[in-house]
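This briefing concerns the structure shown below.

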Amino acid sequence: MDQNIRTSIQTSTFFYFLIVVVLTTVSQLVTMMAIVFGDISGKELVVAATVVASGFFGAFGIIRIMTNFHLIMHEMDDKTAATNWGREMQAIPLKVLRFVFSGIFLIVAIIQVITIYS
């Protein structure tokens with residue numbers, strides 16, 4: 001793969017990752033503020049559905065984007081992979097990090113659902 005194309009794809013994938021993280025975080029924060037400060041009596045199912053949807057969409061989005069990022073990182077040519085940058089980038093444990101990031105969002109969603117019903 002041409003290194004300029006790979007770099008462009010890698011950069012856009014990283015920005016997609018940031019967009020998913022920011023949107024999911026904002027969604028969960030707004031939902032938590034609605035739970036804490038709003039009157040949700042009688043609307044618990046709607047709020048819980050919002051929490052679950054945003055948590056799962058965010059988690060699965062992160063898994064997909066981090067998988068793409070992992071695949072792109074291992075498309076380096078031998079010359080780039082031999083540089084310090086290439087070795088460091090390929091040493092990032094993306095397979096583990098995708099589950100860590102998605103797990104954080106799922107744990108927050110579970111805490112929010114527990115908060116709704118307590």
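Contact here means that heavy atoms lie within 4.5 Å of each other, and a residue is called buried when its relative accessible area is under 20%. The model is predicted. In these terms, the cover over the buried residues of helix H1 includes H2, helix H3 (78–81), helix H4 (84–91) and H5.

**Helix H1**

- Helix H1 has 35 residues, and from its first C-alpha to its last it reaches 50 Å, close to the 51 Å expected at 1.5 Å a residue.
- The buried residues of H1 are Gln 3, Arg 6, Gln 10, Thr 13, Phe 17, Val 20, Thr 24, Gln 28, Thr 31 and Ile 35.
- Gln 28, which lies in H1, counts as buried because its relative accessibility is 5%.
- Leaving out residues up to four places away in sequence, Gln 28 touches Ser 54, Gly 55, Phe 105, Val 108, Ala 109 and Gln 112.

**Helix H5**

- The 23 residues of H5 should span 33 Å at 1.5 Å a residue, and the 33 Å between its end C-alpha atoms agrees with this.
- Buried positions in H5 are Leu 94, Arg 98, Ser 102, Gly 103, Phe 105, Ala 109, Gln 112 and Ile 116.
- These buried residues of H5 pack against H1 and H2.
- Val 96 is also found in H5, but at 52% relative accessibility it counts as exposed, since the cut-off for that class is over 50%.
- On the surface, Val 96 forms a nonpolar patch with Val 100, Phe 101 and Ile 104, and together they have about 320 Å² of accessible area.
- Thr 115 is placed in H5 and counts as partly exposed, with a relative accessibility of 31%.
- Not counting residues up to four places away in sequence, Thr 115 touches Met 32 and Ile 35.
- Thr 115 and Lys 95 are 20 residues apart in sequence, and their C-alpha atoms are 31 Å apart in space.

**Nonpolar cores**

- The largest nonpolar core has 12 residues: Phe 17, Val 20, Ile 62, Ile 65, Met 66, Phe 69, Met 73, Met 76, Ala 81, Met 89, Leu 94 and Phe 105.
- Helix H1 (3–37), helix H2 (44–73) and helix H5 (94–116) are the elements that give two or more residues to this core.
- H2 provides the largest share of this core, with five residues.
- A second, separate core has seven residues, among them Ile 35, Val 47, Ala 48 and Ala 109.
- Met 89, a member of the largest core, is in contact with Gln 10, Met 73 and Met 76 when its neighbours within four places in sequence are left aside.

**Ser 54 in helix H2**

- Ser 54 is found in H2 and counts as buried because its relative accessibility is 12%.
- With residues up to four places away in sequence not counted, Ser 54 touches Thr 24, Ser 27 and Gln 28.
- Ser 54 and Thr 31 are 23 residues apart along the chain, and a distance of 9.5 Å separates their C-alpha atoms.

**Ala 91 in helix H4**

- Ala 91 lies in helix H4 and counts as exposed, as its relative accessibility is 54%.
- From C-alpha to C-alpha, Ala 91 and Phe 15 are 20 Å apart in space, with a separation of 76 residues in sequence.

Notes. Residues are numbered from 1 along each chain as its sequence is written. This is a predicted model: local features need pLDDT of at least 70, side-chain atom pairs count only at pLDDT 80 or more; totals for chains, interfaces and linings use all residues. Side-chain values use heavy atoms; hydrogens and water are left out. A nonpolar core is a set of buried Ala, Val, Leu, Ile, Met, Phe, Trp, Tyr and Cys residues joined through side-chain atoms within 4.5 Å. Buried means under 20% relative accessible area, exposed over 50%, partly exposed in between (1.4 Å probe, protein chains only). Helices (H or I, at least four residues) and strands (E, at least two) are DSSP runs, numbered from the N terminus. The expected span of a helix is 1.5 Å times one less than its number of residues. Patches are made of residues with over 30% relative accessible area and no salt bridge: like charges are joined within 9 Å, nonpolar side chains (Val, Leu, Ile, Met, Phe, Trp, Tyr) within 5 Å. Accessible areas come from the Shrake-Rupley method with a 1.4 Å probe; for residues, only the protein chains shown count as cover. A salt bridge is a side-chain nitrogen of Lys or Arg within 4 Å of a carboxyl oxygen of Asp or Glu.
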